[in-house]
Amino acid sequence: MDERQQVDVLLAEYRQLYTLVVFRMTSLERRLPVAGVTLAGFLGSIGIMPPETRLAFLLGLPMALVWFLRTTTNHARSFEDVLRRLEQLEVQMNSMADKTLLAFQSQHPSRGRAVGGRTGTETIQAVLITCLLMLMTCGYLFGTSGVNTALWIYLYFTYLALTAAYLIWHRVKIGQYRYERSQQLV
């Protein structure tokens with residue numbers, strides 16, 4: 001394959017990856033409003049639920065919040081992978097051309113500092129804060145639900161505390177993520 005054909009292949013990959021960038025960015029930007037409002041709506045409707053349904057919901061919501069944060073971080077991590085691959089393609093094509101023709105990702109000021117770029121980082125932070133606020137609301141609603149057995153109150157608040165600790169740990173862990181270049185990609 002001659003150099004022109006190689007550049008054509010690299011540009012085709014570059015274009016397809018930018019299509020994926022748009023998808024990932026849109027997914028990240030829609031997560032908080034759509035999922036957050038849905039979960040908050042369910043949380044707000046607890047007052048009209050029968051007691052058994054209310055308790056089941058208060059037990060299930062913390063796990064839904066874990067899912068909410070984890071899927072958000074998965075989108076951000078995938079977004080990061082695409083951005084880093086775009087950076088590699090720019091460097092490779094610039095090297096082939098022997099001058100800088102493409103530079104947006106390879107010279108971006110936040111490259112490698114924020115998982116999923118600024119959009120990913122801000123979305124993860126917003127989702128984490130939303131989840132923690134919802135956990136606090138769950139605690140308040142559980143406390144006013146009429147359950148007055150000390151053991152159940154202790155178990156539920158331990159459950160909330162462990163869930164909050166996991167969410168924070170997961171946020172710290174995702175902040176340490178770094179894209180690892182495949183050895184096959186040159």
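This is a predicted model: local features need pLDDT of at least 70, side-chain atom pairs count only at pLDDT 80 or more; totals for chains, interfaces and linings use all residues.
Local features are reported only at a pLDDT of at least 70 and side-chain atom pairs only at pLDDT 80 or more, whereas totals for chains, interfaces and linings use all residues. Residues are numbered from 1 along each chain as its sequence is written, and side-chain values use heavy atoms, with hydrogens and water left out.

Helices are DSSP runs (H or I, at least four residues; strands are runs of E, at least two) and are numbered from the N terminus. Helix α4 covers residues 150-175. The expected span of a helix is 1.5 Å times one less than its number of residues. For the 26 residues of α4 this gives 38 Å, and the C-alpha atoms at its ends are 38 Å apart, so the two values agree.

The buried residues of α4 are Y156, L160, T163, A164, L167, H170, R171 and I174. Here buried means under 20% relative accessible area, exposed means over 50%, and partly exposed lies in between, with a 1.4 Å probe and protein chains only. The cover over these buried residues of α4 includes α2 (51-97) and α3 (117-143). T163, in helix α4, counts as buried because its relative accessibility is 4%. Leaving aside residues up to four places away in sequence, T163 touches P62, M63, V66 and L135, where contact means heavy atoms within 4.5 Å.

The packing of α3 against α4 was examined through their axes, which are lines fitted to C-alpha atoms, for helices over the stretch in contact; angles between N-to-C directions run from 0 to 180 degrees. The axes of α3 and α4 come within 10 Å and cross at roughly 175°. The two helices, α3 and α4, are therefore roughly antiparallel to each other. On the α3 side, the contact is made by T121, I124, Q125, L128, C131, L132, L135, C138, G139 and F142. On the α4 side, the residues are W152, I153, Y156, F157, L160, T163, A164, L167, I168, R171 and I174. By class, the contact of α3 with α4 has 16 nonpolar, four polar and one charged residues. In this scheme Ala, Val, Leu, Ile, Met, Phe, Trp, Tyr, Cys and Pro count as nonpolar, Asp, Glu, Lys and Arg as charged, and the others, Gly among them, as polar.

Helix α3 also meets α1, and their axes come within 10 Å and cross at roughly 10°. Helices α1 and α3 are therefore roughly parallel to each other. Angles under 35 degrees count as roughly parallel, over 145 as roughly antiparallel, 65 to 115 as roughly perpendicular and the rest as oblique. From α1 the contact takes M25, L28, E29, L32, G36, L39, A40 and L43, and from α3 it takes T119, G120, T123, A126, V127, T130, M134, T137, C138 and L141. The contact of α1 with α3 divides into 11 nonpolar, six polar and one charged residues.

Side chains of opposite charge can pair when their charged atoms come close. A salt bridge is taken as a side-chain nitrogen of Lys or Arg within 4 Å of a carboxyl oxygen of Asp or Glu, and the count comes to four salt bridges. One of them joins D8 and R4 at 3.2 Å, N to O. Both residues, D8 and R4, lie in helix α1 (residues 3-44), four residues apart, about one turn of the helix. D8 counts as partly exposed because its relative accessibility is 37%, and R4 counts as exposed at 53%.

The side chains of R85 and E13 meet in a salt bridge at 2.9 Å, N to O. This pair links distant parts of the chain, with R85 in helix α2 and E13 in helix α1, 72 residues apart. R85 is buried at 8% relative accessibility, whereas E13 is partly exposed at 27%.

In helix α2, E87 and R84 are three residues apart and so separated by about one helical turn. Their side chains, those of E87 and R84, form a salt bridge at 2.7 Å, N to O. R84 is buried, with a relative accessible area of 9%. A network of salt bridges links E80, R84 and E87.

Most residues other than glycine have a negative phi. D98, which is not a glycine, has a positive phi of about 65°. D98 is found in the loop between α2 and α3 and is exposed, with a relative accessible area of 73%.
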